[in-house]
Amino acid sequence: FPNGEGGLNASRKIPITRADYFQQRIMCADKRFAGNTDFLFYGLSEIEKQRVEAKISICCKIRNADAQGNPIQNPSQLPGVNDPHLYMSSIRGSASYWKKYTADGIATIKQLGIPTFFLTFSFDDLNSVDCVNALWKQEHGSDSPEIVPQEIPYATRKEFLNKYPVIAARHFNLRVHKTLALLKNSAQDIFGSELLDYTLRVEFQARGSPHAHMLLWLKDSPEWKTEDGIAFIERNISCSLSTPFKEMVLKYQSHRHSQTCFKKNGRCRFQFPRQPSEVTRVLPTEQIHKNQGRFVDLRRRREECLVNNYHPILLQILKCNMDIQPVTGEMAIAFYIAKYISKSESPILRQEIQDAMDKINKAENLPAQKKMHRIAMTLLRNREVSSQEAAFRLCHLFLRKSTRATVFLPTYPK
């Protein structure tokens, strides 16, 4: 600029990848790129297209073996033709990517045992002082004075959030980094026990904002059904309104019914209102399914029946909606994997993708590589991606994180 030089395909002494080019544009000081969502989605599309083409090229060199152990040369029998996960797992945030994370999560649980807590926390991006001020400075300049979010009209805050998804996404990423550091360094003060391990997945709500799901392994956690176990639950999980920060609890943890609550059988799918209880008790296994994956009934007064679980210390620090549950056994893990770890596209979208893939596979005159390319483009085109998720994927902000690495070892019989 202004001579039309330095574009994506410009000749350079030191070659750069498409990812390098778009990340520099999106994250540079010139706000025209970060403030253009069309450019954001275009950049993500170009990067993912290049990645999947490179992966397909590798998959075309992979051969299955026949009964005698010799490579099968028939292109129609290439592994990638019948298994799109082989090349789609390179696309962060795709169903294939999360399938691998599910396998890694199951392997981690097998090695470390049952986790202690399941923790979810979101991001109050429209009321967060740090995030709203960052959006404000992006719009009005870095020298702009600090502002109070509530003094800006809600519609204006929402407009800034939609205009600068990269800023909002990077702020959530920083919050997660700081939260993990806090949990690692201060777990004894927060939970009453040392944090040994964790695994985390970032997911995006229907409105496009991110939230995090975590499994936490704490040192020497007690048996849940013992007196020590119940005391440990009540120390770390609450639904009480008898607290100095009652207004914060009502703001972030009070459930308000909406249309999404009643998708099935006319009952709130989040199990609100919940039943009052004079004591905290761990539910038997046969009641967990009936209770929609809730493993514990907390001590709860009638006026607290619409209050969701929260951690008394973390709520005051994070200032956002959260949920925390003890992981009581194998049934709880099964619910967690089914409901959170392996979540991908909606059933309607999955059916549309499957129909398109069936049509491509029936085209007998298409070469194998062309089939894989068309299937990949179908999968990429039919995904629902918010602008903040696009920012996460384009800027390579982490969508998953764990204290343990997982290595796949092929142990097939010869």
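These legends walk you through close-up views of one predicted model. Local features need pLDDT of at least 70 and side-chain atom pairs count only at pLDDT 80 or more, while totals for chains, interfaces and linings use all residues. Residues are numbered from 1 along each chain as its sequence is written, and side-chain values use heavy atoms, leaving out hydrogens and water.

**View 1. Helices H9 and H17 pack against each other.** H9 spans residues 165–191 and H17 spans residues 387–394; helices here are DSSP runs (H or I, at least four residues), numbered from the N terminus. Their axes lie 8 Å apart at an angle of about 65°; axes are lines fitted to C-alpha atoms over the stretch in contact, and angles run from 0 to 180 degrees between N-to-C directions. The two helices are therefore roughly perpendicular (65 to 115 degrees).

**View 2. Residues where H9 meets H17.** On the H9 side you will find Pro165, Val166, Ala168, Ala169, Phe172 and Asn173, and on the H17 side Ser387, Gln388, Ala391 and Phe392. Contact means heavy atoms within 4.5 Å. By class, seven of these residues are nonpolar, three are polar and none is charged (nonpolar: Ala, Val, Leu, Ile, Met, Phe, Trp, Tyr, Cys and Pro; charged: Asp, Glu, Lys and Arg; polar: the others, Gly among them).

**View 3. The lining of the second largest pocket.** Helix H6 (95–112) gives the largest share of this lining, six residues. Helix H5 (85–88) also supplies at least two residues. Seven lining residues are nonpolar, four polar and four charged. A pocket is an open set of points on a 1 Å grid over the protein atoms alone where a 1.4 Å probe fits, with protein on both sides within 12 Å along at least five of seven lines; lining residues have an atom within 4 Å of a point.

Note on methods
Parallel < 35°, antiparallel > 145°, perpendicular 65-115°, else oblique.
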